[in-house]
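Hi,

Here is the structure I promised to pass on.

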Amino acid sequence: MGERNYEFRRRLSEIHKPGRRNPDVKPEANETEITDSWKIVIDSEAGSLIYRAGRDLEDYLMVSMGVSVPLVRTDVMSVLENSCEKCIVLAAGLQLPESCEQPDVTRSYRLVIKDGCVIVNGYDERGTAQGSYYLEDMMNMREAPFLKKMDIVRKPLFQPRMVHSGWGIDEFPDAHLNAIAHAGMDAILLFVSGVNSIPGPYRGTLPEDKLFDIYMDFNDLIRRASSFGIDVYMYSYLESDKHPDDPDAEEYYEGTYGRIFKECPGFKGVVLVGESCEFPSKDPNTTMVMRKDLAKLDVQSGKPTPGWWPCFDYPQWLNIIKKVVRKYNSDADIVFWTYNWGWAPEEARLELIKNLPEDITLLVTFEMFEDYERNGVKARCVDYTLAFEGPGKYFTSEAKVAHE
């Protein structure tokens, strides 16, 4: 059976599936049951993210589990001192007793489940929200509002954990941001071609003179994403027509990367991938001319353009980008992705990494360029696949040198 175009978005926006409770499931001896006599408690001074998490949990219990549990603002400490009877406490930064471990990194939390009491104590508000979503996960798996008694600390294995939009390229309505947060992601990627400007569709398939950009209010997206505990990274599609040695290079990049972070300092960082933001490198292993200029200059050397080679002067270029960006956001995460040259000789790849600035983030694709066989069919991992467990040789070699 067919469905209307984009009908999948209706399913994506339904965070809490209705009627998930199985009436045949009964609580076990080591479980506590959430009933209509309970309440969700947040502190009178709780921030907006904890408030949103409380409202979300209230909606989940009603829609998915058929339990009416109201959200209440009050003094959390007084509730805890009075034994926290029949309530779910969502809080952050509490010094709870009887624990040899406390949440100590962003998005981590301690979860205490006892008879008639559930406490989600986040290291920060993001941790509290993640703990609340974890309660939903456990009840979904149990098919009932029953929670196993426990006292544990949960921490993210790694961060940031970025994702593109599953709604549509660079489209992030609130419902989708909510789904992303529930899935445990803490950052989104946005293709950026200028201030409040994203590349139009068909980038990479249309000729240069047919390309167009689309307006987007970046600060609005950053604000909305933050309300769900999500950071926003710009994935650069900016022009880089100057070599760092050019006398006006810093002024030029101040007008591109610098201007974006001046206008939108809330960006968490920038992701830099060779094919999307190559510059006129002086590396003789390349054309020393960018792909967009090849045709007009009639360059036919048989060499790759700088975006497809680990050029020796990428560190220079990164330092100038870093300087203009951190002028407006001193903590901006500069992410350099070696995506395009895993095929290149190992010596050249590793030499570049040895010379990278130490105050940036290196991103290496985990399984790219590996050959594997599945069901008798030989294939190559062009980008990413679940069919190859990894890590690949490309990742391993670069990670080893980066560690050193």
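Helices (H or I, at least four residues) and strands (E, at least two) are DSSP runs, numbered from the N terminus, and two strands pair if DSSP finds at least two bridges between them. Within that pairing, Leu90 stands opposite Val120 in β6.

Before going further, a word on what you are looking at: this is a predicted model, in which local features need pLDDT of at least 70 and side-chain atom pairs count only at pLDDT 80 or more, while totals for chains, interfaces and linings use all residues. Numbering starts from 1 along each chain as its sequence is written, and side-chain values use heavy atoms, with hydrogens and water left out.

**The sheet**

The open sheet has 6 strands in the order β3-β2-β4-β6-β5-β8, and its pairing is mixed. At the edges are β3 (71–74) and β8 (150–154), each of which pairs on one side only. On average, neighbouring strands here are turned by 15° against each other, direction ignored; axes are lines fitted to C-alpha atoms, for helices over the stretch in contact, and angles run from 0 to 180 degrees between N-to-C directions.

On one side, β2 (residues 39–43) pairs with β3 in the parallel sense over 4 bridges, and Ile42 has Arg73 of β3 as its bridge partner. β2 also runs parallel to β4, joined by 4 bridges, with Val41 standing opposite Val89 in β4.

On the other side the pairing is antiparallel. β5 and β6 pair in that sense over 6 bridges, and Leu111 stands opposite Val120 in β6. Their hairpin has 2 residues between the strands, and Gly116 takes a positive phi near 70° there. β5 runs antiparallel to β8 as well, with 5 bridges joining them; Arg110 has Val153 in β8 as its bridge partner.

How much of β4 is buried? 5 of its 6 residues are, so β4 is largely enclosed by the rest of the structure. Buried means under 20% relative accessible area, exposed over 50%, and partly exposed in between (1.4 Å probe, protein chains only). β5 is mostly covered too, with 5 of its 6 residues buried.

Asp43 lies in strand β2. Is it buried, exposed or partly exposed? With a relative accessible area of 23%, Asp43 is partly exposed. Not counting residues up to four places away in sequence, Asp43 touches Arg73, Thr74, Asp75 and Val76, where contact means heavy atoms within 4.5 Å. Its C-alpha atom is separated by 8.6 Å from that of Val89, 46 residues apart along the chain.

**Core and aromatic rings**

The largest nonpolar core has 79 residues, and those with the most contacts inside it include Leu61, Leu135, Leu190 and Trp317. Such a core is a set of buried Ala, Val, Leu, Ile, Met, Phe, Trp, Tyr and Cys residues joined through side-chain atoms within 4.5 Å. Leaving aside neighbours within four places in sequence, Leu190 is in contact with residues including Asp170, Ile198, Met216, Val232 and Phe267.

A search of the whole structure finds 20 aromatic pairs. Rings of Phe, Tyr and Trp (its six-membered ring) pair if their centres lie within 6.5 Å; planes under 30 degrees apart count as stacked, over 60 as edge-to-face and the rest as tilted. The rings of Phe336 and Trp341 have centres 5.9 Å apart and planes at 45°, so this pair is tilted. Phe336 is buried at a relative accessible area of 1%, and Trp341 is buried at 0%. Both belong to one aromatic cluster, together with Tyr252, Tyr253, Tyr257, Phe279, Tyr314 and Trp317.

Arg52 lies over the face of Phe228, at 3.9 Å from the ring centre, and Arg154 lies over the face of Tyr134, at 3.8 Å. The cut-off here is NZ of Lys or CZ of Arg within 6 Å of the ring centre and within 35 degrees of the ring normal.

**The whole chain**

The protein chain comes to 12 helices and 18 strands. Buried residues make up 48% of its 404 residues, and its C-alpha trace spans about 75 × 55 × 45 Å along the principal axes.

Cheers
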